Amino acid sequence: MVEFEEIFFIVTVLTYLVASGVYIWHLIANSKKAGQLGTMLLVLGLFAHTMALIFRWVDSGHAPMSNSYESLAVFSWGIVLFYLIMERVYSIRAAGAVVVPTAFIIASIALVLNNGPEPLVPALQSYWLWIHVSIAMLSYGFFALAFGAGFFYIVQEHLLKKHYQNVVIAFVIMLAVIGLAVGLWLGFGAWAHPLDVVNPVTHETSKQYSGTDILKIIGGGAIGLVIGIAAGFLAGKGASKPGFAKRLPSLDVLDEVSYRAIAFGFPMVTIGIITGAIWADKAWGRYWSWDPKETWSLITWLFYGAYLHTRLTWGWRGRHSAVIAVLGIVIVLFTYLGVNYLLSGLHSYATA
Amino acid sequence: MHLAVLGINHKTAPVELREKVSLDEEKCGALSRRLLDGDGALEVVPLSTCNRTEVYVVASRPEAGQKEILAALTQIGGIPAAELEECSYFHEGDRAVRHLYRVAGSLDSMVVGEAQIMGQIKDAYRLAHKQESTSVLLNRLFRHALEVGKCIRTETAIGENPVSVSSVAVEMAKKVFENLEGKVVLLLGAGKMSELTATHLLSQGIATIFVGNRTLSRAEALADKFNGRAIPYDDLLDYLPLADIVISSTGSPHYVLRKGEVERALRRRHNMPIFFIDIAVPRDIDPGVNDVNNAFLFDIDDLNEMARANAVARKKEAEKAERIVGQEVENFSQWLAGLDAVPTITALREMAEAVKQAEVAKALARFDGDLSEKDRNRIETMAAGIVNKILHEPTVELKRVANERGGYLYVESMRRLFKLNGHKKTETEAVPGRRQAEKDEH
């Protein structure tokens, strides 16, 4: 059973990798066939992904939401499913060039972190696991969508302001930053293996990074940077060609999608925090103990609250709102993953 | 049988001449009747648009249709035959097929890549079909041409990038606002280009046009034309916050709209974007407006440059389309060659000969050498006689009808009934989309 799950998951990750390339090619070269091929591959990948999750569920006997591997696997599954539905409804294949690689990266991190099924930590043995985690995931999905739309808003707005001329530099800078961030994150989360060091006096554990770990992190960043610059150059060249404008949705639609996604995601994350607090009370006897996860959830909540506030009361829209939606995903990712690795707290079983 | 086309188009004839030989439904019918009743033409499809008048015919002899078509068109147009002949082109065989495919792919259009020609061809073919002036060959040719046209539109980006300034402006506006329905346009000044752009926008369903001009009477005249409203020029800034799209082409020597004014207007409309098109030279709108958040400014140079780049891209796509045309012409002529009577008869004879020889050999083997040379000859003669007698009538008949209207039907039946396609590409392969054509027929 475990082998089946692994095989399916490896197939999933490989399919997503190929699909990412095909989607990017579709966007740059405006090839309809590539677009259709990408969708086909993605559906295939989603099937394998679903099978992997089913095997995992059957094998472990609980919903696959208990550790990093499982939650990342479910998260990327949700992204792909949601994207395929959106593609069907709105025919926005261009967005696939960002969404599909994102799903690939998340799924491949999950693959690296996979330790096989484990029994549930006692703290997680509650039906609140279901409610809290799935609602939190759903809100993250909405925020990821808002990020995608906001990102494309910034790209399209820049192109329009520049009249679709001389846009290569902007693309290079943009993708270089993204590449650097993803590279560092990969180096940090997947390649480096810091040692847990226990302080003999305070009995607090901290992580110690060796020289090779630091090299791995820097190397990851450098590789990401180079790939980002190259991709930015190609994308910029592609975007300068006539017809690119057609493939990106209009500002109106992008602004609307970003806003709607946050308007749905915000109440969701609110409920996620409340259910988390109730669960915390049952598991640890306190509703709120300011552990890093809780603090960062609150920061996320405030940030998206600010998005809605500036929009509804100050009349912000367009680029300003899009920038908030894009920065928001960084906070979400930190809350979701960074906290587990960088800070220790009650939620730290998630690193297992 | 010979496929041919005779016609004039926007490249060969001035509009005055094209107008005269332009064919309406009635004239198309009359022309077809005349050609079919006369000597030579077996099938006719006239195609008449504002840029071309063409007559596709299938004739029994080479160049048979040319004189008759010229005569018919001369009569309809009331123009000297020599004048028409000078402006017309005449293509036969593969070149006629290629011509129609290029027309269908809008490679022969005034604006390469325009979309209307497909509909016009479809209408022309339907009319001819209704008037019963088409048969096997032109049916297949026109259906295939429509498929080729569709294929070019879907496989290449030939129709995707607008090549005129006003359509580029509309395209860009649609990248800001998904939908132009219900939008408000403010038109400042008057000029041919701005009127054209406004007309283009109107066709996209915009709600209102406000027209501002130094002389109010001019503004009113223009407003009447677009079913809009003239506004006092001095109140311009009061109307600015209402406008989603501003088109400016005044003769003013300095800026009509400045950055600060646009910023104020945007605040008043809660940052809903405004799309500015500045067609004036010298410019009417402060270029700094483009730096204002939610304001998008395109001046005449920007639009011209984009239109030019699009035209270059379109040319590249046209090359792709030409390749598709070349391939499809090849396919069609292969199918056509398969429908020629002579090779069909040869194939039939070869098949019969092979059967005969096999059967004779089988029969002789049974006699086991008991037969004399003379007996063997008798048997062979008898077998040959049977084959020849049976094949005689179909052969003669096929040769006769092959040059008649619809004769291809017999050749095709013969090929199908006797399975004569074995060594060749079957016609289903030769003409893609044939199955579609058959479906339409049923």
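A: **The parallel sheet of chain B**

Strand E9 (residues 274-278) of chain B pairs with E10(B) in the parallel sense, over 5 bridges. Two strands pair if DSSP finds at least two bridges between them. Helices (H or I, at least four residues) and strands (E, at least two) are DSSP runs, numbered from the N terminus. In E10(B), Ala295(B) is the bridge partner of Ile274(B).

This is a predicted model: local features need pLDDT of at least 70, side-chain atom pairs count only at pLDDT 80 or more, and totals for chains, interfaces and linings use all residues. Residues are numbered from 1 along each chain as its sequence is written, while chains are lettered from A and ligands numbered from 1 in the order in which they are written.

The sheet is open and has 6 strands, in the order E7-E6-E5-E8-E9-E10 (chain B), with parallel pairing. Strand E7 (229-231) and strand E10 (295-299) of chain B stand at the edges. Each has a single partner strand, so one side of each is left without a neighbour in the sheet. From one strand to the next, the twist averages 20°. Angles run from 0 to 180 degrees between N-to-C directions, and axes are lines fitted to C-alpha atoms, for helices over the stretch in contact.

H13(B) packs on the sheet and touches E9 and E10 of chain B. The direction of H13(B) makes about 75° with that of E10(B). Contact means that the C-beta atoms of two residues, placed from the backbone, lie within 7 Å.

Helix H13 (residues 300-338) of chain B also meets helix H8 (residues 165-176) of chain B: their axes come within 9 Å and cross at roughly 100°. That makes H8(B) roughly perpendicular to H13(B); the range for this word is 65 to 115 degrees, with angles under 35 roughly parallel, over 145 roughly antiparallel and the rest oblique. H8(B) contributes Val165(B), Val168(B) and Ala169(B) to the contact. H13(B) contributes Leu303(B), Asn304(B), Met306(B), Ala307(B) and Asn310(B). By type, the contact residues are 6 nonpolar, 2 polar and no charged. Here Ala, Val, Leu, Ile, Met, Phe, Trp, Tyr, Cys and Pro count as nonpolar, Asp, Glu, Lys and Arg as charged, and the others, Gly among them, as polar.

Now Phe276(B). Phe276(B) touches Val246(B), Ile285(B), Val289(B), Ala295(B), Phe296(B) and Leu297(B), not counting residues up to four places away in sequence. In the largest nonpolar core, of 136 residues, Val185(B) and Phe276(B) have the most contacts inside it. Such a core is a set of buried Ala, Val, Leu, Ile, Met, Phe, Trp, Tyr and Cys residues joined through C-beta atoms within 7 Å. Buried means 20 or more other C-beta atoms within 10 Å of a residue's own; 12 or fewer is exposed, and in between is partly exposed. The largest share of this core, 17 residues, comes from helix H5 (residues 128-161) of chain A. Apart from this core lies another, of 67 residues, among them Ile152(B), Val325(B), Trp335(B) and Val411(B). In soluble globular proteins, nonpolar side chains tend to be buried together.

Chain A also has an interface with chain B: 20 residues of chain A are in contact with 22 residues of chain B. On the chain A side, H5, helix H8 (244-247) and helix H9 (251-284) of chain A each give two or more residues. That side divides into 7 nonpolar, 7 polar and 6 charged residues.
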